[in-house]
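Hi there,

Here is the structure I promised to pass on. Have a look at it, and then read my notes below.

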Amino acid sequence: MAGTPFGVVHLDVPPVTSGLAVGALVAGIVSILVSVLVICFGVAGQSWTGVWAAGAFTVLGVLTGVGAIVAGLLARRQIARPVPPPGVRFTGRGLAMAGVSCGGVGLGLSLLGLALALVISLS
């Protein structure tokens with residue numbers, strides 16, 4: 001305040017990478033890796049055993065893919081939220097988008113791998 005012995009100080013808080021964004025990217029990568037496992041079980045197992053194994057891993061791939069998408073969208077919301085000066089700003093917009101896209105790819109590949117396993121076992 002001008003003319004008084006008091007002053008207001010706002011400490012500069014450095015931006016922090018969003019934990020949700022990092023978690024979304026990790027879950028998306030895990031979803032892609034599990035979907036590759038689903039495809040391997042679907043192609044290698046030419047009986048119903050391979051289809052059951054692919055189905056079990058498909059559930060895991062779908063859950064991690066959906067988790068990555070949800071966490072990435074929540075991270076984008078957290079990053080875009082305006083924060084007053086003494087608050088913590090979050091960064092990691094690219095990580096969040098990569099998590100959403102990896103989660104979507106893993107989700108799609110898991111379902112595609114299960115469909116491939118069913119087609120191979122029926123033919």
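**Overall build**

The protein chain has 3 helices and 2 strands, where helices (H or I, at least four residues) and strands (E, at least two) are DSSP runs numbered from the N terminus. Starting at the N terminus, the order of the elements is β-α-α-β-α. Please keep in mind that this is a predicted model: local features need pLDDT of at least 70, side-chain atom pairs count only at pLDDT 80 or more, and totals for chains, interfaces and linings use all residues. Residues are numbered from 1 along each chain as its sequence is written, and side-chain values use heavy atoms, with hydrogens and water left out.

Along the principal axes, the C-alpha atoms of the protein chain fill a box of roughly 85 × 15 × 15 Å. Of the 123 residues in the protein chain, 28% are buried (buried means under 20% relative accessible area, exposed over 50%, partly exposed in between, with a 1.4 Å probe and protein chains only).

Helix α1 covers residues 19-44 and helix α2 residues 48-80, while helix α3 covers residues 93-122. Axes here are lines fitted to C-alpha atoms, for helices over the stretch in contact, and angles run from 0 to 180 degrees between N-to-C directions.

- α1 and α2 pack at an angle of about 160 degrees, and their axes are 7 Å apart. They are therefore roughly antiparallel to each other (angles under 35 degrees count as roughly parallel, over 145 as roughly antiparallel, 65 to 115 as roughly perpendicular and the rest as oblique). Their crossing is left-handed, that is, the near helix is turned anticlockwise from the far one by less than a right angle (clockwise would be right-handed). The residues of this contact divide into 17 nonpolar, 10 polar and no charged; Ala, Val, Leu, Ile, Met, Phe, Trp, Tyr, Cys and Pro count as nonpolar, Asp, Glu, Lys and Arg as charged, and the others, Gly among them, as polar.
- α1 and α3 pack at about 15 degrees with their axes 7 Å apart, which makes α1 roughly parallel to α3. The crossing of α1 and α3 is left-handed, and the contact has 20 nonpolar, 9 polar and no charged residues.
- For α2 and α3, the angle is about 160 degrees and the axes are 8 Å apart; these helices are therefore roughly antiparallel. The crossing of α2 and α3 is left-handed, and the contact between them has 19 nonpolar, 10 polar and 2 charged residues.

How many aromatic pairs does the structure hold? There is 1, counting rings of Phe, Tyr and Trp (its six-membered ring) with centres within 6.5 Å; planes under 30 degrees apart are stacked, over 60 edge-to-face and the rest tilted. The ring centres of Phe 41 and Phe 57 are 5.3 Å apart with planes at 15 degrees, so this pair is stacked. Phe 41 lies in α1 and Phe 57 in α2, so the pair ties together parts that are 16 residues apart in sequence. Phe 41 counts as partly exposed at 31% relative accessibility, and Phe 57 as partly exposed at 29%.

Leu 60 also lies in α2 and is partly exposed, at 38% relative accessibility. Its C-alpha atom is 9.5 Å from that of Val 30, which is 30 residues away along the chain.

Best wishes
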